[in-house]
Amino acid sequence: MTNPPPGRTDAELAALDVPALLRFGLAQDGPHRRALFADGAVAAALAAERCEVPPHAVAYLAELVRAAGLRAAAELPEPLVGPGAADLADDWLHAAGTVLDPDGVAAGALVADWLAAVAALLELRRVSRRA
């Protein structure tokens, strides 16, 4: 049995380039996609925390992307609210739109799934801090 790789610190994860992870992870299945939904989702959750974005706001954005599509969400003036949050969401949504058909249903579902993972991690971090 092999040991799992050592974990990364919050500082190491926060330094990751989430838009780059989105471009590679959404375009390619396999290890790139796994990295996006693992380290990339944690990095995004950390960035959202810094912008004071609550978990339910990211979950709402995920449902908006799922229902209205990636293009509609990317065209919102403030897809997330908080200090720097709109720019953060713009970076994520535009990175996704560079590699996926922004009008495609599958693209919206994949991005929505990733945003839902980010929201779940934000909630988990919030709950664990209270415990």
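Helices (H or I, at least four residues) and strands (E, at least two) are taken here as DSSP runs, numbered from the N terminus. Gln-28 lies in the loop between α2 and α3. Gln-28 and Val-99 are separated by 71 residues in sequence, yet their C-alpha atoms are 9.7 Å apart in space.

The structure is a predicted model, in which local features need pLDDT of at least 70 and side-chain atom pairs count only at pLDDT 80 or more, while totals for chains, interfaces and linings use all residues. Residues are numbered from 1 along each chain as its sequence is written, and side-chain values use heavy atoms, with hydrogens and water left out.

**Overall architecture**

The protein contains seven helices and zero strands, and its pattern along the sequence reads α-α-α-α-α-α-α. The radius of gyration is 14 Å, close to the 14 Å that the globule rule gives for 131 residues, so the protein is as compact as a globular protein of that length. This radius is taken over C-alpha atoms, and the globule rule is 2.2 Å times the number of residues to the power 0.38. Along the principal axes, the C-alpha trace spans about 45 × 35 × 20 Å.

Of the 131 residues, 41% are buried. Contact means heavy atoms within 4.5 Å; among contacts between residues at least 6 apart in sequence, 69% join residues at least 24 apart. The accessible surface (Shrake-Rupley method, 1.4 Å probe) comes to about 7,100 Å², and 60% of this area belongs to carbon and sulfur atoms.

**The nonpolar core**

A nonpolar core is a set of buried Ala, Val, Leu, Ile, Met, Phe, Trp, Tyr and Cys residues joined through side-chain atoms within 4.5 Å. The largest such core has 39 residues, and those with the most contacts inside it are Leu-80, Trp-92, Val-111, Trp-114 and Leu-115. At least two residues of this core come from each of α2 (18-27), α3 (31-50), α4 (55-68), α5 (70-74), α6 (85-99) and α7 (105-130). The most is given by α7, with 10 residues.

Trp-92 lies in helix α6 and, at 3% relative accessibility, counts as buried. Leaving aside residues up to four places away in sequence, Trp-92 touches Val-18, Leu-22, Ala-44, Ala-48, Leu-80, Trp-114, Leu-115 and Val-118. With neighbours within four places likewise set aside, the contacts of Leu-80 include Val-53, Ala-57, Val-58, Leu-61 and Trp-92.

In α2, the buried residues are Val-18, Pro-19, Ala-20, Leu-22, Gly-25 and Leu-26. Their cover includes α3, α6 and α7.

**Accessibility and backbone geometry**

The following table lists three residues by accessibility.

| Residue | Relative accessibility | Class |
|---|---|---|
| Trp-92 | 3% | buried |
| Glu-52 | 59% | exposed |

Glu-52 lies in the loop between α3 and α4. Most residues other than glycine have a negative phi. Glu-52, although not a glycine, has a positive phi of about 60 degrees.

Note on methods
Buried < 20%, exposed > 50% of the residue type's maximum accessible area, 1.4 Å probe, protein only.
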